[in-house]
Protein chains: 4
Amino acid sequence: MEQPGNTSKQNWKTYLHEVIFEADTAEGKAFDVVLLIAILLSVLAVMLESVSGIKAEYGDILYTIEWVFTVLFTLEYMARLIVVTKPWRYAVSFFGIVDLLSILPTFLSLFFAGAHSLLVIRSIRLLRVFRVFKLARFLGEASQLTAALRASRPKIIVFIGAVFAMTVVLGTAMYLIEGGENGFTSIPKSIYWAVVTLTTVGYGDIAPQTVLGQALATLIMILGYGIIAVPTGIVSAEMSKAKELHPVTTQACPHCGAEGHDSDASYCKKCGGRL
Amino acid sequence: MEQPGNTSKQNWKTYLHEVIFEADTAEGKAFDVVLLIAILLSVLAVMLESVSGIKAEYGDILYTIEWVFTVLFTLEYMARLIVVTKPWRYAVSFFGIVDLLSILPTFLSLFFAGAHSLLVIRSIRLLRVFRVFKLARFLGEASQLTAALRASRPKIIVFIGAVFAMTVVLGTAMYLIEGGENGFTSIPKSIYWAVVTLTTVGYGDIAPQTVLGQALATLIMILGYGIIAVPTGIVSAEMSKAKELHPVTTQACPHCGAEGHDSDASYCKKCGGRL
Amino acid sequence: MEQPGNTSKQNWKTYLHEVIFEADTAEGKAFDVVLLIAILLSVLAVMLESVSGIKAEYGDILYTIEWVFTVLFTLEYMARLIVVTKPWRYAVSFFGIVDLLSILPTFLSLFFAGAHSLLVIRSIRLLRVFRVFKLARFLGEASQLTAALRASRPKIIVFIGAVFAMTVVLGTAMYLIEGGENGFTSIPKSIYWAVVTLTTVGYGDIAPQTVLGQALATLIMILGYGIIAVPTGIVSAEMSKAKELHPVTTQACPHCGAEGHDSDASYCKKCGGRL
Amino acid sequence: MEQPGNTSKQNWKTYLHEVIFEADTAEGKAFDVVLLIAILLSVLAVMLESVSGIKAEYGDILYTIEWVFTVLFTLEYMARLIVVTKPWRYAVSFFGIVDLLSILPTFLSLFFAGAHSLLVIRSIRLLRVFRVFKLARFLGEASQLTAALRASRPKIIVFIGAVFAMTVVLGTAMYLIEGGENGFTSIPKSIYWAVVTLTTVGYGDIAPQTVLGQALATLIMILGYGIIAVPTGIVSAEMSKAKELHPVTTQACPHCGAEGHDSDASYCKKCGGRL
């Protein structure tokens, strides 16, 4: 790996790209850590502003912090667009859209009074945490997790479909058994209760009162207790399968810095350089 | 695969069968998608009718929608009976019965006032969603899931039996410890509480108040937390076993359209044609 | 297998043993099914007696039923003792003790007024359900489950010990943070709350009110969500291991009726007869 | 293994080390069992003191018990420091710090009135239970568990990070949908609710009241029900992997008493002696 000092001879774009997008050099690591802290502080400020007591006392400071971070993130977003060779491809990528969405609400609040309701989009900024995770070896693990989850997606969709159909049938049954006087005022509300029960959440805001209702609820709970095994079994099987077939090494390519190579790979799958 | 246009030369029954039961041709796919949307709208209408505010305002429209869908589904049910070569075998199959049950309640409501209580049978209509899933490759996944669940059924029954015996013993103990003044008014109600606790649902409508009761409840919760591992372990083991022995391919036979072939199969297990 | 009619030439003890303890002959099966129903009815009577409304109206009938079943079960217990060759060994076995305990409370209620509090022992009678399961092939499955659970017992004990230590530390912390005015009146009660939270039961009878308490509760919940994986992982690993090493066949020995043979066994492990 | 009687010829330090740190000799076992009971009684005394009724009546006795145990544990801590060859290394080890922290609060209570709030540190004493577990074969199991958990740590951290980001986004959404009048008074409180729901704890102290809120809550619950599979899958895969690669024997080295050897080991990995 070359010394960062050598980069002064190279194009400044390449150097900036290294700092902003990579985490292999000292500057790149520092940039990512600072960015992570800035995101956390920014989200914290949004959270604290929602607490009425704090807003009354420190509302002005929080408003200033929000604008400072928005300006900083806007500059960062522009730098990212300038630095990459294909700006449009970055702009429409998942993280590109998240980057845009996390600065827009503050600007929109100048024109629309309902800016407060757009704060929710801003909190997606936290997802950036995973990009910063690149500085650790967590990316390999995350990609393995994602692969196992993607492989088990069709089975999970079938399962969630079956669970949903079940809650519709059981919720309707409870609506007929318990009726409105016990809190089961409509079929949608009864389905809500069935989901609360089947997933073992159990708020207790609505609870069966009749003997027949409690008997059916008992059945639903044991059912829910039993079928929780299904997604776990699916993911377990996929995960142990994935581990056997594709053990990923945490080694980064010395030439291009690409990660997530198979443990039996001899050449980088991105640049073809010897590992 | 033959062009749908060629079917005009064939028997119209074969063509209709292709459209209604299969999802390989453009018409078949369109039919299934339309049917899926119709079922969803129909169930939605039944749900909305149960919300008192909506019923008061849009009751007449929802009543019309219910009848329109019932007539459509009745025509579809008749078409299915005419099209298949063995109508009786279809009529007594699981989906045949579901198809009949999802149109009956509306007709019965003409003769019986308690038609409202038969709405629950109608919501089973949603299970048809899985038939429509045939258009995706989900059928293979569903059959794999079902196979793993069927294989683990005896163990699950033993497990649920053990859990039920446990809740009877623990529920009775709590009835004796807490007594009626703390909500444990009878043994059945205490068993209901034990199931609520053991399955980690925890409504909180009944909760132990005495020190001894809370100590026993603590024991039950840790027990429930521990034994939730058992069904998961059963299904996990069966699922990874099933995957190793019978990896199912999503490839459909080009001759007969049958799905669910083993990945090492060279000939269709239904028609013997080369895959 | 010999015809039941031939048994008239054999010792009547052997015949009765076959009927009472085995489920291979028609008489043995019938006896077990009748016994199962009798146990269920008896437990149901005890349950119904606890419902105040039902006791007021049908108390006398339920009292008679209780005595009838007690007399029947006493006769059965005596028959078991007479029939086996080593009565003492049966009497001190698990099911022998359960058999005795399920008839004692009724007799004790003649001398002690607090007989009501002994009803809990009677409900253990339900565990007999598993003995009757012998008539199905569930015994093999149950023994497999038990083997997997026994193998994972040391790990589970370590895990439950760790969870208990964790709840003591976390419960004490919550007691100090929240204090008595928010329901955390003592350390034992706070530990009870910590178990309720960590096991994801969540009654809601006690819930944190302060910001710091809610933050710690959030941590406990995510912790509990994470560590629920541990017992599942243990049992899953043991279960898939057990299946690979010791696949149990459900075939019963034609000579002695012993069950639970390994699938590669050629001779009965109890009597040495050819399978 | 040498007779304890022979130790009189050896250095008394070596003998005391054997008694205090090992559990192979009769004296060592007795010491560990007595210590375990002392820790349990001491923690029990602290717990009981927090119950207002008990403190009023037995406060003086409990105060005396606290001081007696503190003096005993102080003597034990000093003995440990004297006996080991490298006292500083022990003092900064995990159990060394725990030993110190479990005696400090009582002494500190002489100078500071807020001693009551330091009781929480004392309850960490219970973690010593695991040291005493050395006398059983549980240590091997615990080390296996720890190894599997350590191996799955990076994946679990990624997972918990993802869950946390999810609760921030979903909590903020619920804050905007439900608003303060339904209990969602601030974003932090809404995040607390999202964690309570996603982890299926479900206290019910805050519950959605609007139709849109209940719909989103339904989504969160099904999501939580699905993703609970992820940590389980991770740990399951690691645990079955760990078992296959490193089966640990419970045999202790006859020369040095070291435990946790691999089952195919012929020589002790600590002293090189023949096993």
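**Entry 1: Ser50(D)**

Which backbone oxygen does the side chain of Ser50(D) reach? I looked it up in this predicted model. The side chain of Ser50(D) reaches the backbone oxygen of Met47(D) at 2.6 Å. A polar contact is a pair of N or O atoms within 3.5 Å; within protein, one must be able to donate a hydrogen and the other to accept it, and residues adjacent in sequence count only if both atoms are side-chain atoms.

I noted where Ser50(D) sits. Ser50(D) belongs to helix H2 (residues 26–50) of chain D. Helices (H or I, at least four residues) and strands (E, at least two) are DSSP runs, numbered from the N terminus.

Is Ser50(D) buried or exposed? Its relative accessibility is 5%, so Ser50(D) counts as buried. Buried means under 20% relative accessible area, exposed over 50%, and partly exposed in between (1.4 Å probe, protein chains only).

I then listed the contacts of Ser50(D), leaving aside neighbours within four places in sequence. Ser50(D) is in contact with Tyr175(C), Thr185(C), Ser186(C), Ile187(C) and Pro188(C). Contact means heavy atoms within 4.5 Å.

**Entry 2: Ground rules**

I wrote down the conventions. Residues are numbered from 1 along each chain as its sequence is written, and chains are lettered from A and ligands numbered from 1 in the order in which they are written. In this predicted model, local features need pLDDT of at least 70, side-chain atom pairs count only at pLDDT 80 or more, and totals for chains, interfaces and linings use all residues, while side-chain values use heavy atoms, with hydrogens and water left out.

**Entry 3: Salt bridges**

How many salt bridges does the structure hold over all chains? I found 4. A salt bridge is a side-chain nitrogen of Lys or Arg within 4 Å of a carboxyl oxygen of Asp or Glu. Side chains of opposite charge can pair when their charged atoms come close.

I began with chain A. Glu76(A) and Arg80(A) form a salt bridge, N to O 2.6 Å. Both lie in helix H3 (residues 52–83) of chain A, 4 residues apart, about one turn of the helix. Glu76(A) is buried at 7% relative accessibility. Arg80(A) is buried at 0%.

I went on to chain B. Arg80(B) and Glu76(B) meet in a salt bridge, N to O 2.6 Å. They are 4 residues apart in helix H3 (residues 52–83) of chain B, so about one helical turn separates them. Arg80(B) is buried at 0%, and Glu76(B) is buried at 8%.

Chain D came next. Glu76(D) pairs with Arg80(D) in a salt bridge, with the closest N and O atoms 2.6 Å apart. Glu76(D) is buried at 8%. Arg80(D) is buried at 0%.

**Entry 4: Chain A against chain C**

How many residues of chain A are in contact with chain C? I got 4 residues of chain A, in contact with 4 of chain C. The two chains bury about 160 Å² between them, 21% of it on carbon and sulfur atoms. Buried area is the accessible area (1.4 Å probe) that two parts lose on being put together, summed over both.

I checked for pairing. Between chain A and chain C there are 0 salt bridges.

I also laid chain A on chain C. The RMSD is 0.1 Å, by a turn of 180° and a shift of 0.0 Å along the axis. The two copies are therefore related as by a two-fold rotation axis. Copies are superposed by least squares on the C-alpha atoms of residues with pLDDT of at least 70 in both.
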